Amino acid sequence: MRSTWLASLGHRRGSARHGTLSVLALIGACLLSLAATQTTSGQPIADTADTGFTIPFAGAPGYEHLAPTQMTSPDQLNQPLGQPLADAIAGQIGLTRADALTEQQYHDLSTGGGVGGSRDAAEVIVACVQILTNTVGRPLYSEVDGQSTPSVLASYGLYVNPGGLLQSPANADAPTRQVNTLIAPGGYVGNWLRDNGAVRTLIALYRSAYTVQAAYGFAAQQISDTAQLVTNTKAGASSQVGMSMAPPLWIVNFALIYVLNPALAAGMPAYWAPIPPPIADAITASPNGQVPFSDYAAYFG
């Protein structure tokens, strides 16, 4: 999740035949073909979408239209995809339910079980999924002014951390950034999947649109500042949204969550919403990209 699982899931020495790619390969692909649409084993898609995002924040043009569009009515705010749409998007990027972990494999991974399992690593992975599926019916609870307070902010590309600070999931403080050490080449997640009979899941992931989108997403994050917000400009109007809602980041996270558990991917946001300008300005001005949620909660209604 580089903010959002952008580092590749990695492989041990000698396992390159399994088809996984290193972060260096992803960066190289980005530098060599950043403006081109790459065809994967997902359906080649000729359509392009005028989403208002620019390269690299728009991702590969052939897949941009699969990411959430800006909401057009209040009832779309923080609404989840739902399973039918999640399955349809998965098919378009080259994944099927058969590529996902089995129920037992996901249970073991998410609880620190299985061969070589780690409870600490599992807690980080679960926290990442919770942040990225913080939609209607899936609130996050944080300590705000001494009280446990729920929040639902996924469409904005924001979340409230356990200590009550509002931030982008791409913030350096977030589990969705800290997880990079677990999914980096030679890291915990890749090793766990291989040791627990899930090599097929790794192969499917890297044959999907995940690979090209990860390259765009990596570039997008490298040129962004501490706030990790993205500017969208369409029809002469500009707004900002958290990095996790930019098309390549969203698709990368969707692919990763879908192969963990398709039902969880169905909880990801179906639409993105502009961050209220005072909040975007405050997050951008903050030296660490964080502001107290209690100071800005009223802007979210």
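**Walking through the model**

A: Gly-137 is exposed, with a relative accessible area of 69%; exposed means over 50%, buried under 20% and partly exposed in between, using a 1.4 Å probe and protein chains only. As for ground rules, this is a predicted model, where local features need pLDDT of at least 70, side-chain atom pairs count only at pLDDT 80 or more, and totals for chains, interfaces and linings use all residues. Residues are numbered from 1 along each chain as its sequence is written, and side-chain values use heavy atoms, with hydrogens and water left out.

Q: Where does Gly-137 lie?
A: In the loop between α4 and β2. Gly-137 and Val-152 are 15 residues apart in sequence, with 8.4 Å between their C-alpha atoms.

Q: OK, zooming out: how many helices and strands does the protein have?
A: 13 helices and 9 strands. These are DSSP runs numbered from the N terminus: H or I of at least four residues for helices, E of at least two for strands.

Q: And what share of the residues counts as buried?
A: 55% of the 301 residues. Among contacts between residues at least 6 apart in sequence, 74% join residues at least 24 apart; a contact means heavy atoms within 4.5 Å.

Q: Which residues have the most contacts inside the largest nonpolar core?
A: Ile-93, Trp-250 and Phe-254, in a core of 61 residues. A nonpolar core is a set of buried Ala, Val, Leu, Ile, Met, Phe, Trp, Tyr and Cys residues joined through side-chain atoms within 4.5 Å.

Q: Which helix gives the most to this core?
A: α10, with 11 residues. Apart from this core lies another, of 18 residues, including Leu-158, Val-160, Tyr-296 and Phe-300.

Q: Switching to strands: in what sense do β6 and β7 pair?
A: Antiparallel, over 6 bridges, with β6 at residues 229-234 and β7 at 237-242. Two strands count as paired if DSSP finds at least two bridges between them. Leu-229 has Gly-242 in β7 as its bridge partner.

Q: What's going on at the turn, with Ala-235?
A: The hairpin has 2 residues between the strands, and Ala-235 takes a positive phi near 55 degrees.

Q: What about the open sheet, what's the strand order?
A: β4-β5-β9, with antiparallel pairing. β4 and β9 (291-292) stand at the edges with a single partner strand each, so one side of each has no neighbour in the sheet. Strand β5 (165-167) pairs with β9 over 2 bridges, and Leu-166 stands opposite Val-291 in β9.

Q: Last one: which elements give two or more residues to the lining of the largest pocket?
A: α4, β2 (140-144) and β4 (159-160). Among the lining residues are Gln-130, Tyr-141, Tyr-159, Asn-161 and Asp-173.

Note on methods
1 Å grid on protein atoms, 1.4 Å probe; cavity = no way out; pocket = protein on both sides within 12 Å on 5 of 7 lines; lining within 4 Å.
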